[in-house]
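Please keep the sequence and the structure in view while reading.

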Amino acid sequence: MQVSKNDTLAGLPLIKIRDFLRSYPKGYSITAASVEADLGLTKIEAEAVLQAIVDAGFIEPKYERREGGASSQFSITVLGSRLSVARFVKRITRAKADALVSEMLDRVAEINERDELVFRVKRVRAFGSYAGEAPEVGDIDLAVDWEQRHPDKDIIEQLLARADASGKIVSRSVV
């Protein structure tokens, strides 16, 4: 979900609505009284904000409405859940993201060239918005697969040998 610190809903910063929704875990009811108390609004303001949150699709009536009566309890929708986990971060351009990934891949190459290290990076995969074609991304999601550099050797022996080579004193007591 793309959101900005400047976005508003019913005159309130959207980040304040996000924080309000975060305080209601799945299954909890949102009411006009909770909007009033939690957001520090008058009863009339709270009802207007509640309606705006419903209209935006962030919450929905928790129970079916009775004939002629309005629901007084609401639950968070899937869209509301997405808003409640949204991060209001400044987006970066594709070029900046590509440069950051390139720097990271240079470091991966350096790691893989160092034979004294016990592990090596096997693969780096991108996912999320960076893996798409978006001209801007909120973050760069990368998954890193690593593997033991010398799988035929005992991992503990390799780690202890590396520790010894560092010149630091390593306690070898077993608990």
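A crossing of two helices is called left-handed if the near helix is turned anticlockwise from the far one by less than a right angle, and right-handed if it is turned clockwise. In this predicted model, α2 passes α3 in a right-handed crossing.

**Helices α2 and α3**

- Helix α2 covers residues 32-39 and helix α3 covers residues 43-55; the two pack at an angle of about 110°, and their axes are 8 Å apart.
- Angles of 65 to 115 degrees count as roughly perpendicular, and α2 and α3 are therefore roughly perpendicular to each other.
- On the α2 side, the contact is made by A32, V35, E36 and L39, while α3 contributes K43, A46, E47, V49 and L50.
- The residues in the contact of α2 with α3 comprise 6 nonpolar and 3 charged residues, with no polar ones.

**Helices α1 and α2**

- The axes of α1 and α2 cross at roughly 120° and come within 11 Å.
- This angle makes α1 oblique to α2.
- The crossing of α1 and α2 is right-handed.
- K16, I17 and F20 of α1 meet S34, V35, D38 and L39 of α2 in this contact.
- Sorted by class, the contact of α1 with α2 has 4 nonpolar residues, 1 polar residue and 2 charged residues.

**Aromatic pairs**

- A pair of aromatic rings is described by two quantities, the distance of the centres and the angle of the planes.
- The structure holds 2 aromatic pairs.
- One of them is formed by F20 and Y24; this pair is tilted, at 5.1 Å centre to centre with 55° between the planes.
- F20 is buried, at a relative accessible area of 3%, and Y24 is buried as well, at 13%.
- F119 and W146 also form a pair: their ring centres are 4.5 Å apart and their planes stand at 85°, so the pair is edge-to-face.
- F119 belongs to strand β6 (residues 119-127) and W146 to strand β8 (residues 141-148), so this pair ties together parts that are 27 residues apart in sequence.
- F119 counts as partly exposed, with 31% relative accessibility, whereas W146 is exposed, with a relative accessible area of 54%.

**Residue A10**

- A10 is located in the loop between β1 (8-9) and β2 (12-13).
- The phi angle of A10 is near 55°, which is a positive value in a residue other than glycine.
- A10 counts as partly exposed, at 43% relative accessibility.

**Residue R22**

- R22 is part of helix α1 (residues 14-22).
- At 42% relative accessibility, R22 counts as partly exposed.
- When neighbours within four places in sequence are left aside, R22 is in contact with S84, V85 and A86.
- From C-alpha to C-alpha, R22 and Y63 are 21 Å apart in space, and they are 41 residues apart in sequence.

**Residue M104**

- M104 lies within helix α5 (residues 94-113).
- Apart from neighbours within four places in sequence, M104 is in contact with V124, L142 and V144.
- M104 and V124 are 20 residues apart along the chain, and their C-alpha atoms are separated by 9.8 Å.

Notes: Residues are numbered from 1 along each chain as its sequence is written. This is a predicted model: local features need pLDDT of at least 70, side-chain atom pairs count only at pLDDT 80 or more; totals for chains, interfaces and linings use all residues. Side-chain values use heavy atoms; hydrogens and water are left out. Rings of Phe, Tyr and Trp (its six-membered ring) pair if their centres lie within 6.5 Å; planes under 30 degrees apart count as stacked, over 60 as edge-to-face and the rest as tilted. Buried means under 20% relative accessible area, exposed over 50%, partly exposed in between (1.4 Å probe, protein chains only). Helices (H or I, at least four residues) and strands (E, at least two) are DSSP runs, numbered from the N terminus. Axes are lines fitted to C-alpha atoms, for helices over the stretch in contact, and angles run from 0 to 180 degrees between N-to-C directions. Angles under 35 degrees count as roughly parallel, over 145 as roughly antiparallel, 65 to 115 as roughly perpendicular and the rest as oblique. Contact means heavy atoms within 4.5 Å. Ala, Val, Leu, Ile, Met, Phe, Trp, Tyr, Cys and Pro count as nonpolar, Asp, Glu, Lys and Arg as charged, and the others, Gly among them, as polar.
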